[in-house]
Each structure stands twice: as C-alpha cells, then as structure tokens.
Amino acid sequence: MSDQAQGPGWWQASDGKWYPPQTAAQPFPSTAQGLPVASAANPGSGDLEAGKQTPWYERTWVLALSLLFCFPIGLILLWVNKRFTPTTKIIVTAVVLALALIAGIADSLSPPDESKEAKGAATSEAQTTAKPTTTAPPATTAKPTTTAAPATTAKPTTTAPPATTAKPTTTPPPTTAPPPPKTAPPPTQPALSVSEQQAVRAAQSYLDYSGFSRQGLIDQLSSEYGDQFNVRDATAAVDSLTVDYNAEAVESARSYLEFSSFSCQGLIDQLSSQAGDQFTVDQATFAAGQTGLC
C-alpha cells in the first residue's frame with residue numbers, strides 16, 4: 001500500500017491508496033461457465049463490489065456545501081472521508097481557516113452601518129437643538145431700558161419760575177440802597193484749536209504709557225520722529241494738562257532701575273540730563289529718593 005503507484009499493475013482503491021497487483025480482486029467467472037450468480041438466496045456470491053454505494057457524508061457535493069455554509073462540519077466530513085489524501089486534507093483545511101480568519105478580521109474592523117447612522121443622527125440633532133441657545137432675544141429687548149425717558153421730562157423741574165418772580169422782592173428801594181458794584185468776570189482759558197486738541201490726546205496717551213517731563217513731552221510731540229506737531233501746538237497742549245511731574249519722574253526712575261543699575265547721582269543725572277528725560281533737578285532728586293536709592 002502506498003500514496004503513489006510504484007510500478008505497472010498497481011491499482012487505486014476507494015480510500016485513495018495504491019495497492020500492488022497481487023492484492024487485486026480476481027474477476028468472477030461469467031454465468032456462461034456455469035458458476036453461481038449472486039442472488040437473494042446466496043448473498044455471499046457474485047460481485048460484492050458492484051452492490052456498494054458511497055455514503056452520503058462522503059459525497060463531493062455534500063462536502064462542498066458543508067465547507068461553504070458551515071465550515072466546521074465540512075472540515076470534519078473532509079477528515080473522515082477516505083477518498084482524499086492527507087496532503088489534500090491539510091491544504092483544504094488551511095485555505096478554509098485562512099478565509100474564515102480574513103473574514104472575521106474584516107468584519108471586526110468595519111463598524112456596523114447602524115451605529116454610524118445613529119451617531120450622525122445624534123450629532124445632527126444636537127447641532128439643531130443647540131442653535132436656539134446661541135440667540136438671546138431678551139438681550140435685544142433690553143436696549144429700551146437704557147433710555148431714561150423720565151430724565152428728559154425732568155428738565156422743566158430745573159427751571160424755577162418763582163425765582164424769576166421773586167426778583168422784585170429782593171430789589172431794595174432806590175432811595176435807600178446804592179446799586180451793587182460790578183465785578184469783572186474771571187478770565188476764561190482760550191479754547192484749543194483742532195491741532196492742539198489732537199496734541200492733547202497724544203500727550204495723554206504718552207503719559208499713560210510712560211513717565212515724561214514737561215520738556216520731554218513737548219519734544220516728543222514736536223519731534224520729526226514723534227508726532228510732528230509744531231512746537232506751539234505741542235506746548236499749548238502740554239500746558240493745558242494737569243500733570244504731577246514729580247510722580248512722572250518717579251515712574252521714569254523705576255523703569256530705569258528695572259532694566260539697568262544706577263547710583264543715586266547717576267540716576268539723578270539721567271533724569272535731569274538734556275539727553276535724558278529733562279526733568280528738573282528737584283524732580284529728579286525727589287524721584288531718586290522715592291526709589292530708596294538715595
């Protein structure tokens with residue numbers, strides 16, 4: 001017995017194996033020679049192989065359908081089937097298991113469509129329901145509350161009609177009281193021009209940013225590298241402001257000490273120098289003392 005034919009005369013049985021010639025079944029003589037024929041009364045006689053049928057579980061179509069629709073059962077039927085060699089069984093088993101493994105991995109990697117549709121519906125519903133929360137209608141209706149209608153109607157209360165009628169009662173008789181002396185009105189400050197008003201705005205922004213002396217602020221406003229106002233408008237703008245130059249000197253002194261090192265006299269010279277901040281010596285001395293350096 002062998003898996004392959006070993007020479008002439010070898011024959012293959014129903015189990016897929018090859019057998020030598022001497023094991024082959026001898027043919028039965030025909031009925032013409034007077035030998036017995038198999039019958040119901042003599043079941044042992046006749047061609048026994050002719051009456052055999054292949055079991056249903058060894059049929060090829062049963063095996064193919066089992067491997068296609070239920071491969072575990074198909075593999076079992078494959079291995080109990082004697083018509084296939086072990087090599088064929090191993091190859092078919094490996095192919096079926098590989099296909100099943102690939103199908104399982106692909107199914108696990110692809111999420112179900114129903115979950116995607118549910119997520120999309122949930123997000124779209126959240127977006128549609130969240131939009132009305134961004135609008136604030138009460139904020140738009142709150143604007144009329146900023147108008148003070150009673151304040152406009154209160155203006156007539158500021159006028160005092162009785163005061164106008166009371167003037168005849170306060171006037172003394174012309175025979176007894178001399179007329180009151182006339183007093184000169186206080187001098188009014190001349191109105192600033194448009195250019196001077198712009199210079200005032202620029203000066204205030206500089207003072208909010210850093211410390212400036214009076215002359216340093218005028219030079220900054222009139223410099224060609226600064227705001228380029230003319231000297232007259234810059235001077236008028238600076239003089240129209242109420243500035244505590246001692247406080248400005250202290251602010252400038254502290255900014256110097258944050259970025260460099262100074263002695264007491266060196267800081268005073270820097271603050272009062274014409275090439276520095278151009279504070280007065282008194283303002284520079286006051287600022288150095290406020291920093292604790294002197």
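Select helices α11 and α12 to begin: they are oblique to each other. In this predicted model, α11 covers residues 214–222 and α12 covers residues 231–239. Their axes run 9 Å apart, and the packing angle is about 140°. Angles over 145 degrees would count as roughly antiparallel, so at about 140° this pair goes down as oblique. Look along the crossing of α11 and α12 and you'll find that it is right-handed.

Now show side chains where the two helices touch. On the α11 side, pick R214, L217, I218, L221 and S222. Colour the contact residues by type and you get six nonpolar, two polar and two charged.

Next stop: S252, which sits in helix α13, residues 245–259. Is S252 buried or exposed? Its relative accessibility is 3%, so it counts as buried. Who is around S252, once you skip neighbours within four places in sequence? Select G211, L271, D277 and F279, which are in contact with S252.

Last, turn to the aromatic rings. The count of aromatic pairs is two. One of them joins Y256 and F262, with ring centres 5.7 Å apart and planes at 65°. Plane angles over 60 degrees count as edge-to-face, so that is the label for Y256 and F262.

Note on methods
Residues numbered from 1 in each chain as written. Predicted model: local features only at pLDDT ≥ 70, side-chain atom pairs only at ≥ 80, totals over all residues. Heavy atoms only, no water. Phe/Tyr/Trp six-rings, centres within 6.5 Å; stacked < 30°, edge-to-face > 60°. Axes fitted to C-alpha atoms, helices over the stretch in contact; angles between N-to-C directions. Helix = DSSP H or I, 4+ residues; strand = E, 2+ residues; numbered from the N terminus. Parallel < 35°, antiparallel > 145°, perpendicular 65-115°, else oblique. Left-handed = near helix turned anticlockwise from the far one by under 90°. Contact = heavy atoms within 4.5 Å. Nonpolar A, V, L, I, M, F, W, Y, C, P; charged D, E, K, R; others polar. Buried < 20%, exposed > 50% of the residue type's maximum accessible area, 1.4 Å probe, protein only.
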